[in-house]
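Look at the structure first, then read the points by topic.

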Amino acid sequence: MNLNLKIWRQKDANDKGKIVEYPIANVSEHMSFLEMLDVLNEELIEKGDEPVAFDHDCREGICGMCSLYINGEAHGPDRGVTTCQLHMRKFKDGDTIFIEPFRATALPVVKDLVVDRSAMDRIQQAGGFVSVNTSGNTQDANAIPIAKENADKAFDAATCIGCGACIATCKNSSAMLYVSAKVSQFSLLPQGQVEAKERVKNMVNKMDEEGFGNCTNTGACEVECPKGISLENISRMNREFLAANFSSKK
Amino acid sequence: MKLDSKVPEGNLKDKWTNYKDSINLVNPANKRNIDIIVVGTGLAGGSASATLAELGYNVKAFCYQDSPRRAHSIAAQGGINAAKNYQGDGDSTYRLFYDTVKGGDYRSREANVFRLAEVSTNIIDQCVAQGVPFARDYGGLLDNRSFGGVLVSRTFYAKGQTGQQLLLGAYSAMNRQIARGKIKMNNRHEMLDIVIVDGKARGIIARNLVTGEIERHSAHAVVIASGGYGNVYFLSTNAMGSNATAAWKAHKKGAHFANPCYTQIHPTCIPRSGDYQSKLTLMSESLRNDGRIWVPKNKKDVDALRNGTIRAVDISEADRDYYLERRYPAFGNLVPRDVASRAAKERCDAGFGVNQTGEAVFLDFSAAIERYGKEQALLKGLDSNNKDKVKELGTEIVRSKYGNLFQMYEKIVDENPYQTPMMIYPAVHYTMGGIWVDYNLMTSVDGLYAIGEANFSDHGANRLGASALMQGLADGYFVLPYTIGDYLSNDIRTGPISTSSKEFDVAEKEVVERIEKLINNKGSNTVDHYHKKLGKIMWDKCGMARTEKGLKDAMSEIKKLREDFWENVSIPGNSSEMNKELEKAGRVADFLELGELFAKDALERNESCGGHFREEYATLEGEAERDDKDFSYVSAWEYKGEPADAILHKEELSFENIEVKVRSYK
């Protein structure tokens, strides 16, 4: 198929940036979206132009490195996939495709389609862990049975890949789904209980400090999440946050 | 220089305990004055960084991705082994050790493997304490599954995302230390050289991938945890950015490179589809717990499949060849990876491949769906003869076990694997070879360590499934933190390492010159042009079957390709900005050297063992024929300029606690 790509080009963080048009011919429906961009980049290099910079790594939907806002949707039109798992069979001959970076104040553009997601790491550093040192002397893994239902829910929350689609999709650039996934994982497990109150307060405060917006329950994040992280996690985090603030000693 | 493995004296079972009791320690106050560089933040690098920082050392960690959480360990699917014997099926430390040595075709170092098996149980305890959500049964206890090459269930898992969950555990432990300031995390940085001062590794030169700036970083010791070199084949299940640059620079600065020819070709990957293809996707070995592998018995069915006149489900049970069950009745579909891959190649070479390219076999879940469905029907008091109901119930069980893998398959291939069998074919997945290390995980350069897939030590000539996660975390959480302390105990009076020495000047100058050479080389071919050509040579001549002639050709072709690369490669943009082509070029330049050493190593090893299969050395039945008399050693190569000039050092392997036998899975 032949396509008309309209791609965001921006030299660096200070550049204003603009949409540039690139026609591309003979795209196979079996290609992944990123393979289509690989082909475009090879053509650009051969013509002496600068290739389009975009983030990607595992190309199997798990590392969370790829992003892209495709025709107004994070990770494009397919559901439950990252951009690297999106295939060209979702498009048809003659389509115009807009390709832009994930946009949010807290995720500034580095170059072209590459954004800086280090604010998301900093939220995790504020409390997304259990404080247990490595010793070889922790108790046996089966010492505390955990109800399968809770273990499964904790796992579902923990499958968040930290790509930032929820933030890019949210009209408020809120990181609630992302943060609540980690808070939920630990709040559902006995290992996470000890620090639960401090964790949720610290992570939520850090999220606000980094410039992410508030949640207004539109649910768009859940729709675009490639891993199907549920809104239920946001409710759980809100409960945890309220409880922590009411019962805290400080 | 003679290779000294530094394996402690004493009984196998007491070595590690005695070692830990007798090494030198660094007191907590002194640890605060000692810096350690860790390159790579996967399971090995992430766990090492966190643990070293917990101990009090100042860690400087580096990764090329935008966050340590993206390292390719994240993509590991099936599980992690540990000798917990929770299933009471006869597992033990010795049995895990035995399976690993046998699975590696008796080409690994006994003492290292035993230590690995010994600490395996600690890993599970540690990860559960961190909040890693492993799969559990209805009683709330941890569940297990089986992997290839073993007869027990010792694999812990989190659906098909075990690597993700374990890596996020290590990442969370790192985050705790980053918050405390004990780890200084350098995202989007690539290590481009090691700096050696007075014979000791004392720092690295790194490029900031956002600004292009070349930076100097010093430390008292340097740890390479940068993974394997599977991308030398261009197409592999590795991440696009996975590279051998850090390991190769270490090699060029004096670290011997061991067994480069030991590569794992994983039997169950999605077959390739076109020239534009950028990578291959693995379908977890755990699928072989329930999936049955087959091709048609008759050529006419093969032709009909390729023409599209029939589908897999139209072929009757009697006309299917479940070739693994036929050839290896004891292990069936769960033979080790090297064996399963060669068997698939054998069937496809004989003309029984089931897709257009002739390079695919079926992985079929219909029997499992029926079996689980009947069980569920019984449990729920439903009619177990109702085929539709049974199929529906069975499908749900299979979905709960492997849902994410089936979804990945469906998205890539556009076929529903619950209804038609998957098509799979072997692909490059893991490299057992790597930087040579002694028992301390130290390379042949003082103060330079290699852990995880980057080293060579534990898997011999073939790695068993679910053992890579085990080794990465064992090295990082439980081995290196001890061994590196013994070395650093001599450094408590050294003080900070300066970056303004002539050694740093020279290393930085070399790095800058190389980058300038690449960027100013206005040739006519893209980097991928060379990478694809290299990949083709590697796959055709250093792949699943190798011959003396093929390997000789590979060496000369790779050399020629390398010379062409340096003359005719073209890289757009400049070096003082984010430049992804420049990053790739540096990595491919290193692969173009490593590939030649790989072929040389495979040529020198006149035997077949594990993932290294030389057609000249096979039994009449087509099984690998090992030569223990002449080749029971580790090949450690010393860099001497051109890869072809590398000098071979042999570390003889002795097996005192295990009987060396012909490896049979029949």
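E224(A) and R79(A) pair through their side chains in a salt bridge, 3.6 Å from N to O. A salt bridge here is a side-chain nitrogen of Lys or Arg within 4 Å of a carboxyl oxygen of Asp or Glu. The model is predicted: local features need pLDDT of at least 70, side-chain atom pairs count only at pLDDT 80 or more, and totals for chains, interfaces and linings use all residues. Residues are numbered from 1 along each chain as its sequence is written, chains are lettered from A and ligands numbered from 1 in the order in which they are written, and side-chain values use heavy atoms, with hydrogens and water left out.

**Domains of chain A**

- Chain A is assigned domain 1 (3-110) and domain 2 (117-132 + 139-247); the bounds come from an automatic or database domain assignment.
- The centres of the two domains of chain A, taken over C-alpha atoms, lie 29 Å apart.
- In domain 1 of chain A, 22 residues are in contact with 20 residues of domain 2 of chain A; contact means heavy atoms within 4.5 Å.
- About 1,500 Å² is buried between domain 1 and domain 2 of chain A, and carbon and sulfur atoms give 56% of it. Buried area is the accessible area (1.4 Å probe) that two parts lose on being put together, summed over both.
- On the domain 1 side, G64(A), A106(A) and L107(A) lose the most area to domain 2 of chain A, together 29% of what that side buries.
- Two salt bridges are counted between domain 1 and domain 2 of chain A.
- Three residue pairs are in polar contact across this interface of chain A, both residues at pLDDT 80 or more. A polar contact is a pair of N or O atoms within 3.5 Å; within protein, one must be able to donate a hydrogen and the other to accept it, and residues adjacent in sequence count only if both atoms are side-chain atoms.
- The side of domain 1 of chain A that touches domain 2 of chain A has eleven nonpolar, seven polar and four charged residues. Ala, Val, Leu, Ile, Met, Phe, Trp, Tyr, Cys and Pro count as nonpolar, Asp, Glu, Lys and Arg as charged, and the others, Gly among them, as polar.

**Domains of chain B**

- Chain B splits into domain 1 (39-263 + 429-491), domain 2 (268-426) and domain 3 (500-643).
- Domain 1 and domain 3 of chain B have their centres 23 Å apart, taken over C-alpha atoms.
- Here 52 residues of domain 1 of chain B are in contact with 58 residues of domain 3 of chain B.
- The area buried between domain 1 and domain 3 of chain B is about 4,600 Å², with 61% from carbon and sulfur atoms.
- Eight salt bridges are counted between domain 1 and domain 3 of chain B.
- E190(B) and R587(B) form a salt bridge, with the closest N and O atoms 2.9 Å apart.
- Across the interface of domain 1 and domain 3 of chain B, 23 residue pairs are in polar contact, both residues at pLDDT 80 or more.

**Chain B against chain A**

- The contact takes 75 residues from chain B and 72 residues from chain A.
- Chain B and chain A bury about 6,100 Å² between them, 51% of which comes from carbon and sulfur atoms.
- Nine salt bridges are counted between chain B and chain A.
- K580(B) and D55(A) meet through their side chains in a salt bridge (2.9 Å, N to O).
- Polar contact links 44 residue pairs across the interface of chain B and chain A, both residues at pLDDT 80 or more.
- By class, the side of chain B that touches chain A holds 30 nonpolar, 27 polar and 18 charged residues.

**Pairs within a chain**

- Over all chains, the count is 83 salt bridges.
- E209(A) and K206(A) meet in a salt bridge at 3.1 Å, N to O.
- Both E209(A) and K206(A) lie in helix α7 (residues 196-209) of chain A, three residues apart, about one turn of the helix. Helices (H or I, at least four residues) and strands (E, at least two) are DSSP runs, numbered from the N terminus.
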